Amino acid sequence: MKAYWQLTLAQLRIFIRNKQVLFWTLAFPIFLMVVLGFTLGKGGGISVTVGVVDADKSPQSHELLSLLKKNKALSFEAKNTKEQAISSLKQGDLQIVLQIPKGYEERIKQKGAGSPFALPVYYDETNLTVSQVGQQLVNNAIDTISKKQTKYKPSVVIQPEGIESLHLSYIDFLVPGIVAMMILNNNMNGVAGQIASWRERGILRRMQGTMLKAHTFIAAQITARLVLNGLQALIVLGVARMVFGVAIRGSWLSVIAFVILGTLAFMAIGFIIAGIAKTPESAAPIAGFLSFPMLFLGGVFFPIKDMPDFLQPIIKLLPISHLSTALRETMNVGVSFASLGMEALILAGWLIIAFVIASITFKWE
Amino acid sequence: MKQAESMITVDSLVKRYGNFTAVNGVTFQVQKGEVFGLLGPNGAGKTTTLEMLVGLRKPEEGTAFIGSFNIRKELQKVKEVIGVQLQSTTLFELLTVEEILQMYGSFYPKHLPIAELIDDMILTEKRKSRIKSLSGGQKQRLAIALALVHDPWVIFLDEPTTGLDPQARRTLWDIVLKLKKRGKTIVLTTHYMDEAHVLCDRIAIMDRGELIALDTPETLVRNLHAASAISFSVSSEVDLNEWAKVEGVTKADCKEKEVVLYSDDLQLTLTSLIQTASERQIALEDLQTRTATLEDVFIHMTGRSLREE
């Protein structure tokens, strides 16, 4: 235990005294955020106008619409035909079109028997951020209805509160992405580089000559990096809040939980790279080879849905996609941790698999 | 040999790297309180032998005991009673002397008072300095302090003075002798003959993975049967037998144009050498005489110089 604390302390001291690394690992994400935020983020708030084509015109469809209208972030425009609505969508007057086909009422009365009823939602692919948010909102309302129908014991009632003041711009989309990027870079690239260099310089070998156990060493390394990453994430969130007024709508605990989960998963991958890399010089390119595509594909700067279809299955497997999505959902929409179970699960899966591989490939020298 | 108890028992250790046998069946014992030197050129297997003893490499065959602990089966116990200084150690450069000693101390169940240890290693002024700012000699003394932090029985020093200036080497020698006085058992490798001579009670000479001699420095030199060495170079090669015929020569070595003659009677041999040279009209260049050293022992035994790669 003494060794664990001493090593953690030593690692934190090394971090703090390595002023240059400390500065640049913080300066880079903040710089990116500020530059992108000011150039792209000025689009102002999102106002989502939903075009509604109600072909059913039943009490049930009215109920759905009135539920949707409770959201102040959404405004509505009734359209008579689908074609009319779509053309407005193409012109940018509408961001989303919701169609309630005939037969909706009947289907609702069947109380959810058979396959779920599909409500077509059309959105503008060129304006994804906005349409995504809109979809999310529409989805929530529909979810509420369908759960009510099936007498679901809902844990979803919290939703409308976060949404009421929803006013999102690109910077809101960007900040969670930047935090995810920091976690990826600092841990995967950081661990790979540091461990490979310590090994090369014989630092690890010297420690192997003592009674120190490998797991104590790794545990201390993990702890120190968690503290450091936690603080860095907080600073970035603080800057985002002060400069751009980006707030966290969901629970802080949930954000912290995903920061920790992401840190652990990427650190484990970093340990694998450190194990594979024969020299510290080769660790950086290997880490770069893995991190670069992840930054572009994994929803850090661009929405995952913008990525080509054939890449989607790969993207769905990347840990970064789930980390950025989870952070974004928590921060922007205020989704609870419980409803991000899938993201948490996949990150945990990466963590466990990577950790097992890392412990097999780890070498002191 | 002394009747003292044996602190280290090495029994036919073998280490191979692919087809290359780095250490080929080395056997020796080190007594408690002894300073034991492993001597040899680069690649002789000194470091590999030492690294097997401290558990950094697994021997293919043979075994060794530190005290009563088997290095193959009780490594954790072995590590508790040994202290290690590895060749060209690098440490966390951004930590201070005090901090890194505290950290290494925490790796063991108990450790010495850090302040005293720092005083002992003449690092008092550098207590709060970062490792980055230390000189080569100071870093080496810190490396030894780290080896001593848990008050081990046996201390392994791998080329402790390589790359140090003469002053720093002397300081380090004093430290080793001080440790010996306190009853520590010390195993060190070196390729400096003078160092081995000053520090070591006994010396094992290694070459190509094998132990080729093991004795006190004095006995090793005495066994050369020559008190003095005469070295010179010639412009064209001369048959070795010609040199052996010079009066008083007990042994003659020659490598290309460099010749070394060993003699118990320096004056007689020198006179005879000059005579032979002028009779045959051989020009002797760089003629030097010196007392025979361990270096000569080594050259004689292996036909190679210690510093040779």
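**Reading helices, strands and an interface in a predicted model**

Biologist: How far apart are the end C-alpha atoms of residues 21-40 of chain A, and how much of the span is helix?

Modeller: They lie 28 Å apart, and the span is 100% helix and 0% strand. This is a predicted model, and the distance is computed from it.

Biologist: Where does that span come from, and which others are listed with it for chain A?

Modeller: An unreviewed UniProt entry lists residues 21-40 as a "transmembrane region", together with 173-196, 217-240, 252-274, 286-304 and 337-362. For residues 217-240 of chain A, the end C-alpha atoms are 34 Å apart, and the span is again 100% helix and 0% strand.

Biologist: How should I read the side chains along a helix, and which residues of helix 11 of chain B are buried?

Modeller: The general idea is that an α-helix has 3.6 residues a turn, so residues three or four places apart point the same way. In helix 11 of chain B, residues 294-302, seven of the nine residues are buried, and the helix is mostly covered. The buried residues are Leu294(B), Glu295(B), Asp296(B), Val297(B), Phe298(B), Ile299(B) and Thr302(B).

Biologist: How is chain B divided, and how far apart are the parts?

Modeller: Domain 1 covers 6-220 and domain 2 covers 225-291. Their C-alpha centres lie 39 Å apart.

Biologist: Now a strand: why is strand 13 of chain B described as largely enclosed?

Modeller: In a regular strand the side chains alternate between the two faces of the sheet. Strand 13 of chain B spans residues 258-263, and five of its six residues are buried, so the rest of the structure largely encloses it.

Biologist: Which strands pair with strand 13 of chain B, and in what sense?

Modeller: Strand 11 of chain B, residues 228-234, pairs with strand 13 in the antiparallel sense over six bridges; Ala229(B), for instance, has Tyr262(B) as its bridge partner. Strand 12 of chain B, residues 249-255, also runs antiparallel to strand 13, joined by six bridges. There, Asp253(B) is partnered with Val260(B). Strands 12 and 13 of chain B form a hairpin with two residues between them, and Glu256(B) in the turn has a positive phi of about 50°.

Biologist: Finally, how do I read the contact between chain B and chain A, and how many residues does each contribute?

Modeller: Look at residues, area and charged pairs. Chain B gives 29 residues and chain A gives 23. The two chains bury about 2600 Å² between them, with 58% of it on carbon and sulfur atoms.

Biologist: How many salt bridges are counted between chain B and chain A?

Modeller: Three. One salt bridge links Arg17(A) to Glu99(B), where the closest N and O atoms are 2.8 Å apart.

Key: Residues are numbered from 1 along each chain as its sequence is written. Chains are lettered from A and ligands numbered from 1 in the order in which they are written. This is a predicted model: local features need pLDDT of at least 70, side-chain atom pairs count only at pLDDT 80 or more; totals for chains, interfaces and linings use all residues. Side-chain values use heavy atoms; hydrogens and water are left out. Buried means under 20% relative accessible area, exposed over 50%, partly exposed in between (1.4 Å probe, protein chains only). Helices (H or I, at least four residues) and strands (E, at least two) are DSSP runs, numbered from the N terminus. Domain bounds come from an automatic or database domain assignment. Two strands pair if DSSP finds at least two bridges between them. UniProt positions are given in the numbering used here, feature names are shortened, and annotations may be inferred rather than shown by experiment. Contact means heavy atoms within 4.5 Å. Buried area is the accessible area (1.4 Å probe) that two parts lose on being put together, summed over both. A salt bridge is a side-chain nitrogen of Lys or Arg within 4 Å of a carboxyl oxygen of Asp or Glu.
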